[in-house]
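User: I would like to learn how to read an interface between two chains, and then how to follow single residues into it. Could you take me through this step by step?

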Amino acid sequence: MNRRDFLKITGILAIGAASHQTAMILLSSEVKGDQAKKKRWAMAISFSACVKREGCRDCIDNCHLIHNVPEFTDNKDKIQWIWSSHYESVFGEQTNMFTKGMLKNLSILCLCNHCENPPCVKVCPTKATWKNKDGIIMIDYHRCIGCRYCMAACPYDARSFNWKDPKPFIKEINRDFPTRAKGVVEKCNFCEERITQGLLPACVEACPEKALTFGDLNDPESDISRLLKTRFSIQRKPHLGTDPKVFYLF
Amino acid sequence: MIEKAFKGTIGYWLWLCFLSALALAGFISYLRQLDIGLGITGMGRDVSWGLYIANFTFFVGIAASSVVVVLPYYLHDYKKFGDIIILGEFLAVSSVVVTILFILVDLGVPSRVLNVLIYPSPSSLLFWDMVVLTGYLILNIVIGWWSFDAKVKEIEPPIWIKPLVYISIPWAISIHTVTAFIYSGLSAKPLWHTALLAPRFLASAFASGPSVLIVLCFIIRRWFGFNIERDVIKKIAIIVTYALSIHIFFMLAEIYTVLYSDLPSHKSHFEFLFLGVPGNRFLIPWTWGSTVGAIIAFVLFLISHKKNDSLVIFASIITVVSIWLEKGFCLIIGGFVPTPFEEYPKYVPTIFELFITLGIYAAGGLILTILYKTVVSFRQSK
Amino acid sequence: MKKIILGLILFLLVAFLPLGYNIYTGKKAYIPVIKAPEDKKECVENVFIMRKRHNIVLEKWRDASVRHGIKKYVSLNGTYKISLTGTCLGCHSDKTQFCDRCHDYAGVKPRCWDCHNIPDKVAEK
């Protein structure tokens, strides 16, 4: 069994408050010992494969179903983990008079970029959002105070806020995944709960055209590493220096 | 001492009742917001900060501006400001309370606000803002109250007041600088992403804050017959004039840089603010109003030294409104429009949002009234 | 002075009224009874710890799982998957008979269930 799977606090809890610190030290030392094996999860989205089925939204539906993402009727309350938008909205600075016509109907999948250098993380006043050891930008919904500074800081609009109680707007609750409460910010978690179990992200699994590739950039033999080595890829707003982990392939 | 605030004319009591009623209406609206969530405001996924944060920004400026009366008195020994300095400090106290209230009502989960202290995050400017605002509030309460107390008892203020005053001067600058850094540090919002934001904030604060003080001086003269020397008001008006000129200069410098360099991501915000886009021309009157207002106020201040008081009052009011619109409303909303997806969403505050905002104004007004009444009553009893 | 003493006596009377009422009627203070699962003997820690500090255990679980990616918990009683819905409610299958009883009595309102689900088999009950 993996060492970092363990959390040992046996007995110490009985002693009292002083033991809190001990437990935390124990815990952090175990996590630190694991740095060598860290992964860099990333995703590649193929334009050509994605456009094959017009109006297909299998990835979006699967993600939103699995993660209990509510469907608000009012646009301003909308919550999205993964969504699609027009080419010229997503890649505004990569649009010219010709691409405008050519790629007019091309809808581009958008999700959290899980930036290597995330602007949202450093602005959080409570450390409720952070980059985990595998490079995934996480949110602790228990700690978020709902100041929405991270939303203002995100150049990709990847974060949504729970303006109202989301529960009544979830069609069918998946009991294997928690919902969120009103007043916190949420977003795509790169299916952290699934990849720790060895599963692929929900969107990747749902795609009928296999347009989405997910894998570890630190592993040169992974599918995604090989794909990115051989095909031309672009990222959203690379000039901001955030180093997105979502790549778009031609 | 404070008991003086609870003896007044019927008019005074009616004023207090009016403010309390407004604050109560705001509180009731806030309970509704707590129940339903921030969804009852006009904010949404695109414009995710609105009236609350706009007001927060503006009132940090008002709070910081007390330094323009403190500084001449303590550093340049300008004794004539001796009377007004306490008014400046108490204005700062009530403004800081207002800013804190605006932050609180803007939180999605206000019950967790102490997480900011439990998990301090020095990389976040919001954390630093909390530190400097709390510090500034404490500084002003301590300095204001002890020096006032000394005056009442006709003794020298305690020896430790002076060092605190000297600390409070850079501290005042810091609160507005940190507030500007909240915005200017974000690469995602081109309108805010300018090194000129902090200097602009300070210039506009030193125009709007003392303008509020001028208006307040006239009000307490009218209502309480408490006379502030004309010289003092004139001096403050001069400070406002220069601050306004710097403010206008900074704005023009910003507009030049954006328009001449022609960078689409930056220009689009200014185009939206000044010209609008088809289907969304909401902010045009406000942007132009504030810009033209600032220039008119500047001209009025320039010629006011020869004219009567009402011109000064008028110019001060225009200054306050113009800067509220510029630094508060247009800057915050304009920062979010266009969105990263080049959409132009509309933001219109709801009635609940307005009531909560007015309620916080009223709460600040209550604190200010009580503090000012104490000062005025003491002065008149002498 | 007389007024103060009179006031104090009045206050004490009112304050101790509920106590006196219970003594008079012979009722003991209400103690909530919780329904422990019948088929299981031990929780993730021993009863004493769970009774006194289950909130701390849960907080540790929360931080370990959410923030540190630690998904398993080892105690003298065995190894457990860190999951409120899965592990805790897996045994304590009736939330209303277990969690709520004490929480209601103590006036504690944990916000766990704002987000965490009650598993299907429990929800059906």
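User: What is the area buried between chain B and chain A, and how much of it do carbon and sulfur atoms give?

Analyst: The size of an interface is often given as the accessible area lost when the parts come together. In this predicted model, chain B and chain A bury about 3,500 Å² between them, with carbon and sulfur atoms giving 53% of that area. On the side of chain B, 25% of the area buried against chain A is supplied by B:R45, B:P340 and B:F341, which is more than any other three residues supply. Counted by contact, 42 residues of chain B meet 47 residues of chain A.

User: How many salt bridges and how many residue pairs in polar contact does the rule find across the interface of chain B and chain A?

Analyst: The rule finds 1 salt bridge across this interface, whereas the residue pairs in polar contact, both partners being at pLDDT 80 or more, number 30. A salt bridge joins the side chains of A:R148 and B:D106, with a distance of 2.7 Å from N to O. As for the elements involved, helix 1 (10-36), helix 5 (115-118), helix 6 (125-152) and helix 7 (161-184) of chain B each supply at least two residues of the side that touches chain A. The residues on that side of chain B comprise 22 nonpolar, 13 polar and 7 charged.

User: Where is B:A188 found, and which residues of chain A does B:A188 touch?

Analyst: B:A188 lies in the loop between helix 7 and helix 8 (197-224) of chain B, and, leaving aside residues up to four places away in sequence, B:A188 touches A:A152, A:A153, A:C154 and A:P155. The C-alpha atom of B:A188 is separated by 9.5 Å from that of B:T339, although the two residues are 151 apart along the chain.

User: What does the secondary structure of chain A come to, and what share of its residues is buried?

Analyst: Chain A has 11 helices and 10 strands, and buried residues make up 57% of its 250 residues. Among the contacts in chain A with a separation of 6 or more, 64% are between residues 24 or more positions apart. The accessible surface of chain A is about 11,200 Å², and 54% of this belongs to carbon and sulfur atoms.

Notes. Residues numbered from 1 in each chain as written. Chains lettered and ligands numbered in written order. Predicted model: local features only at pLDDT ≥ 70, side-chain atom pairs only at ≥ 80, totals over all residues. Heavy atoms only, no water. Contact = heavy atoms within 4.5 Å. Buried area = accessible area lost by both parts, 1.4 Å probe. Salt bridge = Lys/Arg side-chain N within 4 Å of Asp/Glu carboxyl O. Polar contact = N/O pair within 3.5 Å; in protein donor to acceptor, adjacent residues only side chain to side chain. Helix = DSSP H or I, 4+ residues; strand = E, 2+ residues; numbered from the N terminus. Nonpolar A, V, L, I, M, F, W, Y, C, P; charged D, E, K, R; others polar. Buried < 20%, exposed > 50% of the residue type's maximum accessible area, 1.4 Å probe, protein only. Areas by Shrake-Rupley, 256 points an atom, 1.4 Å probe, with all protein chains shown as cover.
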